[in-house]
Every structure is written in C-alpha cells, then in structure tokens.
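These are my notebook entries on one protein model. I set down what I looked up, entry by entry.

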Amino acid sequence: MARHILLRTWKGVSSPLPCSSYFVEQADMASRTQIVSTHKPQTAGLAHFMARALKERARAAKKLDAGAVHDLRVALRRCRTMADALGTFDPDKSFPAMRKASKRTFRSLGKLRDTQVMREWVKKLAPAGDQLAACLLESLAQSEGAAKGEAATALEEFDTRKWRRWSRELAERSRRVPPESLVYQHLALARCLEVREAHRFTTRSRSRVSWHRLRIALKRFRYTVENFLPRHHEEWIADLKLLQDLLGDVHDLDVLRAEFRRILRPVESGADESSGAAPNEAEQWYARIDALRKERLSAYRAKMSGSNPIWNVWLAGLPHGPRLEEAVLATLSTWAAYRDPNFDHSRKVTALALELFDGFGAHSLNPIFRDAESRTILQAAALLHDVGRAKKDAGHHKRSFRMISELAPPVGWSEDEIFAAALIARYHRGAEPRLEQKEYAALEPAEQERVAWLAATLRLADGLDSDHRGRIQNVSVQRDRTALTIRAVGYVHDVDSAAMLARKKHLLETLCDCPVVIQPAETRLAARVASMAS
C-alpha cells in the first residue's frame with residue numbers, strides 16, 4: 001500500500017455516541033498493554049488541563065507577570081492541541097468551538113509573552129551601560145504595557161461558564177478512547193511524521209519562519225504523546241523537552257533580532273550622519289544573538305542527525321508493518337463509531353463480509369479474494385458503510401460515499417485506497433456499479449473489477465444482517481458446478497428475507513454467472529442424522 005504522511009482533520013457531522021460496546025472493547029485492549037494506578041493523581045489529559053487553564057486564568061487576572069502568562073499559555077496550548085487531536089475522529093462541534101473561544105486569549109498572551117521573554121534576554125546579554133539595551137528595554141516596557149491591556153481585556157471576556165461546561169462534556173468524550181490505544185499511537189505517528197517533514201524542509205530552506213513552524217510541529221507531537229501515550233512519554237520526555245527548549249530559544253532569539261532591527265532603524269540612520277558608533281553597537285548585538293542561535297541549532301542538529309537520529313527511536317516505538325495496518329483500521333473504526341448510530345451492525349457486517357471473502361478465496365471465485373490489500377479495503381468499507389446514517393436514513397449510502405471520500409488518507413493508506421473503500425461502501429445498497437456512473441467509470445478496468453466484486457460481497461453481508469439484530473452468527477461457502485451456496489448459522493428462511501436477499505445477492509450472481517443459494521447451516525445433530533441415514 002502507498003504511504004501518506006499527513007493526517008488532516010476528518011470531516012463529519014455531530015451525533016450521539018450510540019455504540020458504547022466498541023469503546024469498552026478499546027479500553028479492554030488498551031488495559032492489557034499497561035498498568036494504571038488508581039491512586040496516582042491525574043497530571044495529563046483534557047480534563048486536567050482544562051481545569052488547569054481556569055486556575056491559571058484566575059491567577060493571571062490578578063497579575064500578568066511572566067510566570068502567570070507562561071503557565072496559562074501552556075495550559076491553553078495543551079487544551080487546544082488535544083481538542084485538535086480528538087477532533088480528528090470525534091465530530092462534536094464543541095471541540096472547534098473550544099479552540100475558537102480560546103484563540104483571542106491565547107494570541108494576546110503570546111504577544112505579551114514575547115515581550116516579557118525579550119526583556120529577559122536583553123537583561124541577560126547586555127553589557128553594563130549598554131545604550132542600545134536601555135533603548136530597547138524602554139521600548140519593550142511600552143509594548144508590554146499595551147500588551148497587558150489587550151491580554152487583560154481578553155481574560156475578562158473569557159467565558160469561564162462555557163469553559164466549565166466544555167470541560168465536563170469534552171473530557172467525558174475524550175475518555176472513550178483509552179490512553180495507549182492504537183488510535184492514539186496512529187495519531188502520534190502522523191504527528192511524528194509531520195515533525196520529520198518540517199525538519200527536512202527547514203534544513204533545506206533555513207528560514208526563520210520554517211524553524212518556527214518546526215517548533216510548533218514538535219510541540220504538537222510532544223503534547224500528543226504526553227496526554228495520550230503516557231508510557232511512551234516516560235521514555236521520550238527528556239529528548240522531547242530538550243529539543244523543544246532548543247527550538248524555543250531559537251524562536252526567542254529570532255524575535256529579539258527582529259525587534260532590534262525595528263528599534264535600531266531610526267538610531268542607525270541618525271548614527272550614519274554622525275560618529276557611526278551605533279551601527280558598531282548594533283553589529284555587536286547581532287553577533288551575540290547569532291552566536292547563541294548557532295549554538296542552539298548545533299545542539300539540535302546533533303540530536304536529529306548522525307548514525308542514530310532520534311527519529312529512529314520514536315518511529316520504532318510507533319506502529320509500523322502489520323501493526324500499522326491494525327492501527328489504520330482501529331482509527332477508521334473509531335471515526336465510524338462516532339458517526340454510525342448502530343455501529344454494532346457495521347461490525348457484524350464486517351465479520352460476515354470477511355468470512356465470505358475468505359470463503360470465496362478458498363473456492364477460487366476470483367483472484368481478488370486472494371489479495372490481502374483487497375481484504376483490508378473490504379474490511380474498511382464494511383466498517384464505514386453506514387456512517388451516512390448520522391443525519392438521516394434516506395440515501396445514506398451516497399452520503400457515506402461522500403463522507404469517506406472526503407477523508408484525508410490515514411498514514412499507511414493512499415488516496416486511491418480510501419476512494420475504493422468509499423465506492424464499495426456506496427454500493428452496499430441501491431444501484432449496482434455501472435459504467436454510466438462517473439466515479440466508477442473513472443476507474444481503471446482492474447479497479448472496476450475489484451470494486452464490483454467487493455461491493456457484491458458487502459451487499460450480501462449487509463443483507464444477512466438486514467434486521468440489525470446480529471442473528472447470523474457466521475457463514476461458510478460451498479461451491480459446485482451449478483451454484484454457489486452460502487450456509488449461515490442462525491438464518492431462518494421466510495418469504496420476506498428471501499425477497500430481500502434476492503436483491504442483495506443479484507450483483508454477486510451476475511459476476512459469478514451462477515445462482516447464489518442462501519441456506520441455514522446444518523446443526524451438528526442434523527448433520528449426524530443425515531450421515532447415519534446415508
């Protein structure tokens with residue numbers, strides 16, 4: 001399968017969470033991989049940092065000193081980063097609403113924080129009696145006063161009641177996918193690859209803007225690991241913090257250099273007309289800043305390059321190979337479970353579809369049924385086929401197609417694969433694939449054949465659980481010269497089910513060019529009696 005790098009936020013519509021059994025199962029799977037102390041106080045997660053943001057806001061409202069501003073920004077950034085991460089699979093509109101509501105406060109605090117940090121750097125680097133330092137400190141004091149006024153207004157307008165309500169509601173939703181689950185491991189992999197791409201771009205361009213973007217990408221990765229993968233965080237925190245601190249210093253020095261240039265323009269112009277002393281002092285300042293910046297970047301490059309870069313450690317601890325395929329399906333399942341009002345039905349259909357696929361392969365119905373990639377695409381299509389029911393039932397198969405095809409391919413999948421899954425899900429009911437349909441007609445002949453066979457399999461599996469009760473326990477496939485027989489444990493033949501299955505199996509019969517017969521599976525007792533009679 002082709003490998004994609006970025007995992008963008010997936011679109012969807014808000015819906016209640018109907019399938020708690022799926023999330024219980026995810027919790028059971030995660031708990032088998034870690035031991036969680038019930039007495040350890042929570043120091044991570046959305047609930048913790050949303051409560052922390054309220055506490056730090058109250059502190060900052062009293063006094064906007066450097067420590068209070070820094071701690072509130074850290075809490076808000078973690079909340080915003082987690083909301084962005086959870087929004088990749090949870091469509092609840094409160095996640096983007098929370099990010100939007102905190103945006104003004106976060107940005108105003110950012111301006112104030114930059115000013116305060118620059119003052120600290122100037123005091124640290126300035127020689128005694130430096131006139132340019134005094135000039136800059138005076139300018140920064142004025143800027144800090146204006147920034148404090150803007151930040152104070154933003155803090156006053158910060159809606160604490162709404163924030164508390166989001167804290168309760170969103171924290172509960174965030175707990176449905178447990179820490180260390182494959183979903184979060186896959187998300188961390190995507191964030192890690194974003195950092196790697198930003199690193200590669202930055203080392204080529206070397207622009208100050210690209211270094212800043214790399215720093216933000218690294219923060220997103222760190223906070224994802226910190227809040228969703230606690231075991232990984234314990235192993236990686238030292239390196240992550242070191243790299244973030246180094247890039248943070250680079251950013252601070254870049255901001256300081258830009259501020260010097262802004263302040264020194266009129267000074268340098270006046271000095272050019274007189275002694276030229278100010279330009280010399282300015283060059284000394286630029287030299288100090290550049291030397292520190294070079295030192296930080298050298299330390300960063302030493303960690304990120306060489307024979308064993310830190311990438312190898314991070315990527316080795318995240319899903320790869322067969323584990324990556326499991327993580328992709330877990331991510332798609334979670335995305336679907338937040339939208340599909342009856343995800344238990346979709347899981348049952350998935351199990352039946354895979355049994356049919358394996359049975360067809362055993363009888364060499366078509367080479368497609370011996371292809372592992374086709375099996376994975378069918379599995380994804382079956383899991384996602386009813387996400388279109390999130391709004392209303394009519395035409396939900398077409399809505400499912402649109403929703404799935406709009407997904408950014410998860411890491412490990414290509415756009416062609418996600419589009420194939422979308423088409424197969426679209427054909428689980430309604431019209432069969434035809435060349436008059438532009439999406440289907442645009443495919444290569446080989447891909448048209450695969451979509452048709454897998455859609456036929458999904459249609460039949462969906463028909464076997466048409467009442468959404470899960471009565472069909474499993475199926476087996478038999479084939480002879482005259483017919484393809486599907487024996488289903490739990491199937492009861494009646495007029496209504498026969499008429500419905502006649503429609504559902506039509507595409508498969510057309511492709512097989514033979515009748516498809518659905519029969520109840522023989523019980524052990526009936527099979528023994530038949531054997532004795534013969």
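Predicted model: local features only at pLDDT ≥ 70, side-chain atom pairs only at ≥ 80, totals over all residues.

**Entry 1**

D513 is placed in the loop between α20 (506-512) and β3 (516-520). I then read its backbone angle: phi of D513 is near 60 degrees, a positive value in a residue other than glycine.

H468 belongs to the loop between α18 (445-464) and β1 (474-479). Is H468 exposed, partly exposed or buried? Its relative accessibility is 27%, and H468 therefore counts as partly exposed.

**Entry 2. D465**

The relative accessibility of D465 is 1%. The cut-off for buried is under 20%, so D465 counts as buried. I also looked up a contact across the sequence: D465 and V349 are 116 residues apart along the chain, and their C-alpha atoms are separated by 6.7 Å.

**Entry 3. Two glycines**

I looked up G388 and placed G388 in the loop between α14 (372-384) and α15. With a relative accessibility of 0%, G388 counts as buried. The C-alpha atom of G388 is separated by 9.5 Å from that of P341, and the two residues are 47 residues apart along the chain.

Next came G430, in the loop between α16 and α17 (438-441). G430 has a relative accessible area of 42%, and is therefore partly exposed. I recorded a separation of 9.9 Å between the C-alpha atoms of G430 and H396, which are 34 residues apart along the chain.

**Entry 4. Aromatic pairs**

How many aromatic pairs does the structure hold? I recorded 15 aromatic pairs. I took up the rings of F158 and W163, whose centres are 5.1 Å apart; their planes stand at 50 degrees, so this pair is tilted. Both F158 and W163 are buried.

I then looked at F401 and F419. Their ring centres lie 5.7 Å apart and their planes are at 70 degrees, which is why the pair is edge-to-face. F401 is in helix α15 (residues 396-405), while F419 is in helix α16 (residues 415-426), so this pair ties together parts that are 18 residues apart in sequence. I compared the burial of each partner with the cut-off of 20%, under which a residue counts as buried. F401 has a relative accessible area of 11% and is therefore buried. F419 has a relative accessible area of 25% and is therefore partly exposed.

I also noted a cluster, in which ring pairs link F89, Y184, F228 and Y338.

**Entry 5. Charges over rings**

I searched for charged side chains placed over aromatic rings. R80 lies over the face of F106, and its distance from the ring centre is 5.2 Å. I found R288 with its charged end over the ring of W285, at 4.8 Å from the centre of that ring.

**Entry 6. The second largest cavity**

I looked up the cavities next. A search of the whole structure finds two cavities of 30 Å³ or more. I examined the second largest cavity, which has a volume of about 40 Å³. Which residues line the second largest cavity? I listed R208, W211, H212, L247, V250, H251 and D254. The elements that give two or more residues to this lining are α8 (208-228) and α9 (230-272). The most comes from α9, with four residues. I sorted the lining by class and recorded three nonpolar, two polar and two charged residues.

**Entry 7. Cysteines**

How many disulfides does the count come to? I found zero disulfides, a disulfide being a pair of cysteine sulfur atoms within 2.5 Å. C135 has a relative accessible area of 29%, so C135 is partly exposed.

Definitions and conventions
Residues numbered from 1 in each chain as written. Heavy atoms only, no water. Phe/Tyr/Trp six-rings, centres within 6.5 Å; stacked < 30°, edge-to-face > 60°. Buried < 20%, exposed > 50% of the residue type's maximum accessible area, 1.4 Å probe, protein only. Lys NZ or Arg CZ within 6 Å of the ring centre and 35° of its normal. 1 Å grid on protein atoms, 1.4 Å probe; cavity = no way out; pocket = protein on both sides within 12 Å on 5 of 7 lines; lining within 4 Å. Points joined across faces, edges and corners; volume = space filled by probe spheres on them. Nonpolar A, V, L, I, M, F, W, Y, C, P; charged D, E, K, R; others polar.
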